[in-house]
Amino acid sequence: MHRIKSIEWLGNTVRLIDQTKLPTEELYIETDSLDVLADAIIKLKVRGAPALGVAAAYGIVLGTQKNISSSKEKFFQSFENSAALIARTRPTAKNLFWALERMRTVLRQNKDNDTATLFEKLKHEALALHVEDEVMCLAIGNHGAELVPMNATIITHCNTGALATGGIGTAQAVITTAHEQKKNIRVFADETRPLLQGARLTVWELQKAGVDVTLICDNTAAFVMQKNKIDLVIVGADRIAANGDTANKIGTYNLAVIAQKHGVPFYIAAPTSTIDSSLQNGKEIPIEERSADEVVNGFGKQTAPSGVKVFSPAFDVTPNEFISAIITEKGILRPPFVHSIASIL
């Protein structure tokens with residue numbers, strides 16, 4: 001099967017699949033404009049923590065390539081302007097800021113070179129970061145599949161597949177790897193309100209991969225666990241604090257509480273680049289709030305009275321005591337996470 005590519009570099013342009021059009025339309029955007037890419041990040045045309053890291057790196061390349069022949073001062077200024085624009089797009093995903101820092105380190109280490117060489121170094125780093133993401137996804141899939149028993153039934157939330165990364169996914173890589181290992185799995189996918197990433201994206205990807213998937217409303221998960229033998233819950237992450245507290249798509253915390261109530265293992269799958277060791281716990285994680293319009297006028301249809309007050313956080317934080325393990329490209333981390341996380345960093 002042809003693998004979906006959420007984002008790719010095509011010489012001097014970025015090409016990405018517009019995830020807001022899925023599943024009814026498979027539309028691609030190709031641009032050499034950082035402004036267009038930044039807008040795509042804000043509007044969730046490209047999304048998912050690892051994919052945002054890749055997008056941030058490519059954004060720096062787009063933002064500096066028009067200044068290859070400029071003075072060094074102007075080239076450096078274009079870098080800082082680009083980084084500032086990207087940093088303002090989405091505050092919660094650690095990978096985005098991690099990628100920007102990697103690009104800044106390359107610039108700093110090569111500051112004595114001419115602008116053409118600097119640009120090539122930056123482009124090389126962005127491409128390398130993307131390749132690393134692909135390798136990381138495969139490793140997470142292989143490590144995580146060890147936790148999936150034969151004939152397992154799995155619940156997942158939001159989208160963590162190829163659309164959310166530069167490779168095959170994080171939590172969804174565990175699912176598709178287990179499927180490829182002939183483990184005869186089946187999946188319940190939360191729709192993931194209010195933007196339906198589970199319904200629109202995860203189900204679309206899993207169907208393409210031939211996985212037995214059933215769509216459920218977010219508020220159906222507890223009933224499914226009560227009535228069915230659920231073997232595990234697996235989700236992704238946008239930022240993980242030093243103690244293992246994890247920010248992920250809104251509704252994840254609900255799912256973790258329900259899983260603990262029913263004795264179901266709850267797993268996080270994410271690269272080490274998602275870990276923010278500068279934050280001691282989840283209370284320090286910045287949480288993005290989205291437009292009220294996404295809730296009351298979702299997909300162009302008004303579903304609530306005009307003028308109603310809306311609170312719409314894009315993420316919530318699951319405390320570490322609800323998490324059975326964190327699956328990374330370096331292996332499976334177990335509680336106490338403050339120690340297991342420190343050991344791999």
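A charge counts as sitting over a ring if NZ of Lys or CZ of Arg is within 6 Å of the ring centre and within 35 degrees of the ring normal. In this predicted model, K249 meets that rule: K249 lies over the face of F315, 4.6 Å from the ring centre. R15 does likewise over the face of Y28, at 3.9 Å from the ring centre.

The largest cavity holds about 180 Å³. Its lining has 23 residues, with R47, G48, A49, N159 and D238 nearest the centre. By class, 11 are nonpolar, 8 polar and 4 charged. Helix α2 gives the largest share, 3 residues, and β9 supplies at least two.

Now the aromatic pairs; the whole structure has 2. In one, W9 and Y58 are stacked, 5.5 Å centre to centre with 25° between the planes. W9 is in strand β1 and Y58 in helix α2, 49 residues apart in the chain. W9 is buried, because its relative accessible area of 13% is under 20%. Y58 is buried too, at 2%.

In the other, Y253 and F322 have ring centres 5.8 Å apart and planes at 75°, so that pair is edge-to-face. Y253 belongs to helix α9, while F322 is in the loop between β12 and β13, 69 residues away. Here Y253 is partly exposed at 33%, whereas F322 is buried at 15%.

Key:
Residues numbered from 1 in each chain as written. Predicted model: local features only at pLDDT ≥ 70, side-chain atom pairs only at ≥ 80, totals over all residues. Heavy atoms only, no water. 1 Å grid on protein atoms, 1.4 Å probe; cavity = no way out; pocket = protein on both sides within 12 Å on 5 of 7 lines; lining within 4 Å. Points joined across faces, edges and corners; volume = space filled by probe spheres on them. Helix = DSSP H or I, 4+ residues; strand = E, 2+ residues; numbered from the N terminus. Nonpolar A, V, L, I, M, F, W, Y, C, P; charged D, E, K, R; others polar. Phe/Tyr/Trp six-rings, centres within 6.5 Å; stacked < 30°, edge-to-face > 60°. Buried < 20%, exposed > 50% of the residue type's maximum accessible area, 1.4 Å probe, protein only.
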